[in-house]
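Please have the model open while I talk.

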Amino acid sequence: ITIEPAPQAEWINVPPAELTINCLEAENYFIPDLSFTNGGSGLCLIEGRIAGSRRGSYDICGGDWFIDWSYTDPCGRTMSYTQHVVINPAPLPDWVNPPSDTLFSCNAVDRFSAAELRLSNQLDGRCRIEDLVKPIVNNNYDDCGGFIEVLWDWDSPCGEKLIHKQTITVIPIPDPEWINPPADDTLSCIAAASFEAAALAYAGGTEEGCTIAGEVSPIVERNYTECGGEIIVIWTYTSPCDRVSRYRQRLVVEPLPEPQAINLPANLSLSCDAAGTFAPDSPTWSNFSSGACLLTGKVAPRINKNYDACGGEIVVEWEVPGICGESRIFTQRVEVLRAAAPEWLLQITDTTLSYADALNYVGFPLAYGNTTGNCPLEGMVNPSSLNKNFSICGGSMEVNWLAESSCGDSLKADQL
């Protein structure tokens with residue numbers, strides 16, 4: 001009797017032939033035992049469990065495992081099963097607290113030093129990826145601003161690349177400010193003549209390492225005359241970044257003081273005789289300034305005589321030139337007193353005439369005058385009336401002279 005072998009066993013619940021796991025799963029991966037049976041009973045039952053064996057390897061870049069299960073039954077029959085496990089690479093790391101783009105002032109740039117940057121995938125064991133990356137710094141700035149570019153470049157063992165770039169914008173050095181700039185002002189002529197504008201200091205960027213300081217000389221524009229005007233002072237600073245700062249001061253220059261006549265004579269009264277020889281002076285005038293602002297001179301009088309022997313006045317005018325406008329006229333008034341009243345130049349006395357002379361008597365011209373040589377009041381008059389009151393027996397005759405001067409003086413003379 002031929003007895004056939006028991007049926008060959010088969011694997012129970014075999015794992016998938018292809019399996020993909022990640023690096024962390026591979027770290028903790030457990031190879032299961034594989035069961036088999038032929039489904040028989042008694043002496044014909046073949047069953048059991050077989051541990052698998054692993055071949056292959058992996059690292060952070062991944063890998064492959066081949067897990068083999070093999071069993072040879074008592075009849076010399078061999079059965080085997082192989083599972084292919086694909087292990088994916090470990091997760092790429094991330095940068096730890098990577099710096100963001102920012103702004104720097106000039107003094108912050110001087111203190112800046114880029115640090116190493118850490119990266120990690122936050123895993124442990126064989127799947128851990130962690131590193132420190134040194135920065136590559138590209139400085140592209142000056143006092144006028146610019147930027148700093150910091151690059152952290154990392155190549156993984158598996159051929160991947162991680163890059164983090166930080167751009168730091170460098171703010172230009174602030175424009176300087178003028179130190180105690182002078183305010184607008186008003187100057188007299190004397191002050192304007194001696195005015196000298198000083199250099200003006202500036203400073204900026206007071207933070208350490210950023211200071212801009214110095215001084216600039218002014219440009220002075222003088223635009224004034226004796227009538228006044230202005231002085232314009234301009235200070236200009238051009239920064240290394242071609243930014244222009246300018247300060248302007250305006251000085252108003254006052255006109256020169258108006259001139260005045262010096263020692264003008266007061267009004268007075270003169271006799272008519274003295275008026276004839278009156279000769280006013282030429283007084284000096286001045287604006288009572290000094291240096292280049294002093295104006296002085298002499299002014300001749302203008303004389304207007306309006307008098308005669310009866311009196312009147314002399315008006316003397318001195319015209320002092322004005323600086324910026326009309327001239328000024330200073331006046332002296334001289335009262336001229338009237339001349340002395342005239343008198344008869346011949347003393348008339350009574351007389352006796354013969355009858356024959358009396359018949360032909362007509363009187364004679366009578367002169368009058370005063371003793372003032374420059375202001376004479378004089379004249380001659382014939383008798384104004386002749387009253388005959390006589391006969392051959394005798395009697396009387398009265399002769400009258402009446403005169404009136406040009407000033408209204410009345411003179412009367414009688415002869416009997």
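Let me begin with W11, F36 and Y71, which ring pairs link into a cluster. What we are looking at is a predicted model, in which local features need pLDDT of at least 70 and side-chain atom pairs count only at pLDDT 80 or more, while totals for chains, interfaces and linings use all residues. Residues are numbered from 1 along each chain as its sequence is written, and side-chain values use heavy atoms, with hydrogens and water left out.

Rings of Phe, Tyr and Trp (for Trp, the six-membered ring) pair if their centres lie within 6.5 Å, with planes under 30 degrees apart called stacked, over 60 edge-to-face, and the rest tilted; by this rule the count comes to 12 aromatic pairs. W11 and F36 are edge-to-face, because their ring centres are 6.0 Å apart and their planes stand at 85°. This pair links distant parts of the chain, 25 residues apart, with W11 in strand β1 (residues 10-12) and F36 in strand β3 (residues 34-37); strands here are DSSP runs of E, at least two residues, numbered from the N terminus.

Buried means under 20% relative accessible area, so W11 counts as buried at 16%, as does F36 at 4%.

W69 and Y81 form a tilted pair, 6.0 Å centre to centre with 35° between the planes. W69 is buried at 1% relative accessibility, and Y81 is buried at 16%.

Finally, a charge sits over a ring if NZ of Lys or CZ of Arg is within 6 Å of the ring centre and within 35 degrees of the ring normal. R54 lies over the face of W65, 4.1 Å from the ring centre, and the charged end of R126 sits over the ring of Y58, 4.1 Å from its centre.

How values were computed. Helices (H or I, at least four residues) and strands (E, at least two) are DSSP runs, numbered from the N terminus. Buried means under 20% relative accessible area, exposed over 50%, partly exposed in between (1.4 Å probe, protein chains only).
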